[in-house]
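Subject: Structure handover

Hello,

I am passing a structure on to you, with the sequence alongside. Please open it first and then read the notes below.

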Amino acid sequence: MSLNGLVFEGEEILYRTGKHWVVLAKAVLLFVVALVIWSSGPTLLSLAQFKVPDELEKFLPKIITVAVWLVRYVFFILFTLLALVRLFSFFTLRVGVTDRRLVCDDALFGSFSLDIGKVESVKCEPGLFGGLLGYGKVILTASSSQRLVLTNIRRPHTLEQELFAAK
């Protein structure tokens, strides 16, 4: 759903933002790690070879082969799922500031809004790379002790300024 569908009549969207492109880079990196893990089977098997006692020579190589395959499979699935979650969050999260509310639309968690009058504090934490590349974390605290954390947001300082300007 678009942010326009979440805005009440008479409200105007003053600022829009979403996830930064670095989320895509992190997803690609996770996919690359997953593929390296999956293709490392022969290397891991060669590292796991050792002199086996005669009693265990019949079944220990099969156990090692299955264990290496299982570890590869589990880590491949884990890193692939992490990458897919990052991709999904990049394409589905939208954040907007209207003259009355902060509106967030997320396909996974649904849409929600926070009245700007109830926002007590806004804290922007860009981090080391976030300061260089223009992304970061925005932490909003509402009067009801509700805390909203938006991570990997494009231009977090601009979002902070727009929230204070709308107040």
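Predicted model: local features only at pLDDT ≥ 70, side-chain atom pairs only at ≥ 80, totals over all residues.

Overall form

The protein contains five helices and seven strands. Read from the N terminus, its elements come in the order β-α-α-α-β-β-β-β-α-β-β-α. Along the principal axes, the C-alpha atoms occupy a box of roughly 80 × 30 × 30 Å. The radius of gyration is 24 Å, whereas a compact globule of 167 residues would have one near 15 Å.

The helix pair

Helix H1 covers residues 22-38 and helix H3 covers residues 60-92; their axes come within 8 Å and cross at roughly 165°. An angle over 145 degrees counts as roughly antiparallel, and H1 and H3 are therefore roughly antiparallel to each other. The contact of H1 with H3 is made by 21 nonpolar, two polar and three charged residues. The crossing of H1 past H3 is left-handed.

Strands of a sheet pair through backbone hydrogen bonds, in either a parallel or an antiparallel way. In this open sheet of four strands the order is E1-E2-E3-E4 and the pairing is antiparallel. Strand E1 (13-18) and strand E4 (110-115) are at the edges with a single partner strand each, so one side of each has no neighbour in the sheet. On average, neighbouring strands here are turned by 15° against each other, direction ignored. Strand E3 (residues 101-106) is joined to E4 by six bridges in the antiparallel sense. Within this pairing, Leu102 lies opposite Leu114 in E4. Helix H5 packs on the sheet and touches E1, strand E2 (94-98) and E3, with its direction at about 30° to that of E2.

The three-stranded sheet

Another open sheet has three strands in the order E5-E6-E7, again with antiparallel pairing. Its edge strands are strand E5 (119-125) and strand E7 (147-154), each of which pairs on one side only. From one strand to the next, the twist averages 20°. E5 and strand E6 (residues 135-142) run antiparallel and are joined by six bridges. Ser121 has Thr141 in E6 as its bridge partner.

Which helix lies across E5, E6 and E7? That is H5 (residues 156-166), which runs at about 165° to E5.

Regards

Definitions and conventions: Residues numbered from 1 in each chain as written. Heavy atoms only, no water. Axes fitted to C-alpha atoms, helices over the stretch in contact; angles between N-to-C directions. Helix = DSSP H or I, 4+ residues; strand = E, 2+ residues; numbered from the N terminus. Parallel < 35°, antiparallel > 145°, perpendicular 65-115°, else oblique. Left-handed = near helix turned anticlockwise from the far one by under 90°. Nonpolar A, V, L, I, M, F, W, Y, C, P; charged D, E, K, R; others polar. Pairing = 2+ DSSP bridges. Contact = heavy atoms within 4.5 Å. Rg over C-alpha atoms; globule rule 2.2 N^0.38 Å.
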